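Please open the structure in your viewer and keep the selection tool at hand. The stops below are to be visited in order.

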Amino acid sequence: MTQDMLRAPAEVKYAEELDWLESIDDGPKPFSWRLSPRMVRLFVLGSERADGLDREIPQKWFGDRSFVERAIVTLASDRGLLLIGDPGTGKSWLAELLAAAICRNSTLVVQGTAGTTEDHIKYSWNVSMVIAKGQSRESMIPSPIMTAMEQGVIGRFEELTRSTSDVQDALISILSEKYVSIPELDEDNIVFGRPGFSIIATANSRDRGVNDLSSALKRRFNFVRIPVVTNKKSEAEIVRFRTEELLRRHNIEVDLPPTLLDILLQSFADLRTAAASAASDDERLESALSTAEQIGVLEDAILHSNFFGDRTLRAETLAGSLVGSLARRSPEDLAILNKYWHGVVEPRSKKDGGAWNDFLEGGRQAIATLS
């Protein structure tokens with residue numbers, strides 16, 4: 001089944017694993033949850049020898065255990081959960097995994113944008129049916145959030161702070177009252193949330209000032225702040241895990257040399273340090289330099305090696321992908337990368353040699369081509 005999908009949702013991709021966990025789960029389950037809180041945590045963070053399971057459950061989200069536990073406890077209390085953090089910290093992936101484990105449906109999603117309207121979180125109408133038969137529950141098109149309410153499952157709201165205040169205000173009543181009124185109908189005009197309904201929202205901490213959350217809406221969410229991964233070992237695990245997962249989708253098998261992964265991680269760490277000490281935005285790359293962007297750089301380099309190289313990932317290809325991915329503004333980003341290559345990569349290549357020499361040359365060529 002997953003072969004027919006460009007990207008299978010977590011509940012489909014890990015269906016066999018979820019079935020097995022459900023079959024052995026004898027823990028107490030809140031509401032209509034498919035798994036107990038302990039099993040939800042185990043599904044997300046992976047099993048350990050102390051769990052005493054007959055099979056290994058791989059880790060799917062890499063972060064502090066306390067963040068996952070607080071998120072699960074929030075959802076068990078039927079409060080809204082807001083995952084907030086910088087771009088690329090895995091907020092959406094964690095939300096998807098939690099929804100998949102709790103209710104086996106992570107696809108009831110509203111994407112917050114400036115164009116998101118109240119209809120997107122409540123309901124709209126099938127115009128042709130309204131003209132033919134009038135307004136009724138049959139001619140109503142429920143939003144993903146309303147569907148989640150009716151089914152007693154998790155609804156998701158991505159990038160909440162990018163939606164307007166009107167949309168955010170409409171969400172307050174849903175989180176508070178747990179029902180939606182349909183004033184256009186005389187009968188059957190209220191949709192009540194069933195036990196198990198909750199909302200997982202995500203927000204980009206860099207969007208502060210775009211559409212700030214009101215204090216009323218903040219009170220209806222429990223906040224879980226997802227920090228940027230700074231531990232090199234943890235970040236390496238995330239990059240390797242997600243890259244291998246993406247490449248399996250393309251049926252590509254390419255070895256990832258540890259040396260090149262170290263170069264990628266070190267380069268991003270250097271560029272983050274430079275961005276933190278920059279005096280103005282013009283001296284910072286437009287890129288957020290997130291873990292997700294590292295994954296994109298690595299995937300791009302591996303695909304390039306597979307389709308246009310000899311199926312061996314090389315340092316110069318990695319350098320070209322890094323420059324191509326991060327140089328979004330010209331000439332500002334190119335100037336920053338050029339300074340980094342001359343001031344950091346070149347001295348490091350003279351000191352350490354090896355793959356750093358090829359990385360230096362590949363970056364120089366890419367910068368010259370784009371300049």
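This is a predicted model: local features need pLDDT of at least 70, side-chain atom pairs count only at pLDDT 80 or more; totals for chains, interfaces and linings use all residues.

Residues are numbered from 1 along each chain as its sequence is written, and side-chain values use heavy atoms, with hydrogens and water left out.

**Stop 1: α15 and α16**

Two packed helices are described by the angle between their axes and the distance between the axes. Select residues 332–352, helix α15, and residues 355–370, helix α16. Helices here are DSSP runs (H or I, at least four residues), as strands are (E, at least two), numbered from the N terminus. The axes of α15 and α16 come within 9 Å and cross at roughly 160°; axes are lines fitted to C-alpha atoms, for helices over the stretch in contact, and angles run from 0 to 180 degrees between N-to-C directions. The two helices are therefore roughly antiparallel (angles under 35 degrees count as roughly parallel, over 145 as roughly antiparallel, 65 to 115 as roughly perpendicular and the rest as oblique).

The crossing of α15 and α16 is left-handed, a term used if the near helix is turned anticlockwise from the far one by less than a right angle, and right-handed if clockwise. Now show the side chains in contact (heavy atoms within 4.5 Å). Those of α15 include Leu334, Trp341 and Ser349, and those of α16 include Trp356, Phe359 and Ile367. This contact comprises 9 nonpolar, 4 polar and 4 charged residues. Ala, Val, Leu, Ile, Met, Phe, Trp, Tyr, Cys and Pro count as nonpolar, Asp, Glu, Lys and Arg as charged, and the others, Gly among them, as polar.

**Stop 2: α12 with α16**

The crossing is right-handed. On the α12 side, select Thr259, Leu260, Ile263, Gln266 and Ser267, which meet Ala355, Trp356 and Phe359 of α16. This contact has 5 nonpolar, 3 polar and no charged residues.

**Stop 3: α12 with α14**

Which helix packs with α12 at an angle of about 30°? Select residues 315–326, helix α14, whose axis is 10 Å from that of α12 (residues 258–277). The angle makes α12 roughly parallel to α14. Leu260, Leu264, Ser267, Phe268 and Leu271 in α12 meet Ala315, Leu318, Leu322 and Leu326 in α14. Of these residues, 8 are nonpolar, 1 is polar and none is charged.

**Stop 4: Ala275**

Ala275 also lies in α12. Leaving aside neighbours within four places in sequence, Ala275 is in contact with Arg284 and Leu289.

**Stop 5: the largest pocket**

Finally, select Arg7, Arg242, Glu245, Leu246 and Arg249, which lie nearest the centre of the largest pocket among its 35 lining residues. Helix α11 gives the most to this lining, with 7 residues. By class, the lining has 14 nonpolar, 10 polar and 11 charged residues.

Definitions and conventions:
On a 1 Å grid over the protein atoms alone, a cavity is a set of points where a 1.4 Å probe fits but cannot get out, and a pocket is an open set with protein on both sides within 12 Å along at least five of seven lines; lining residues have an atom within 4 Å of a point.
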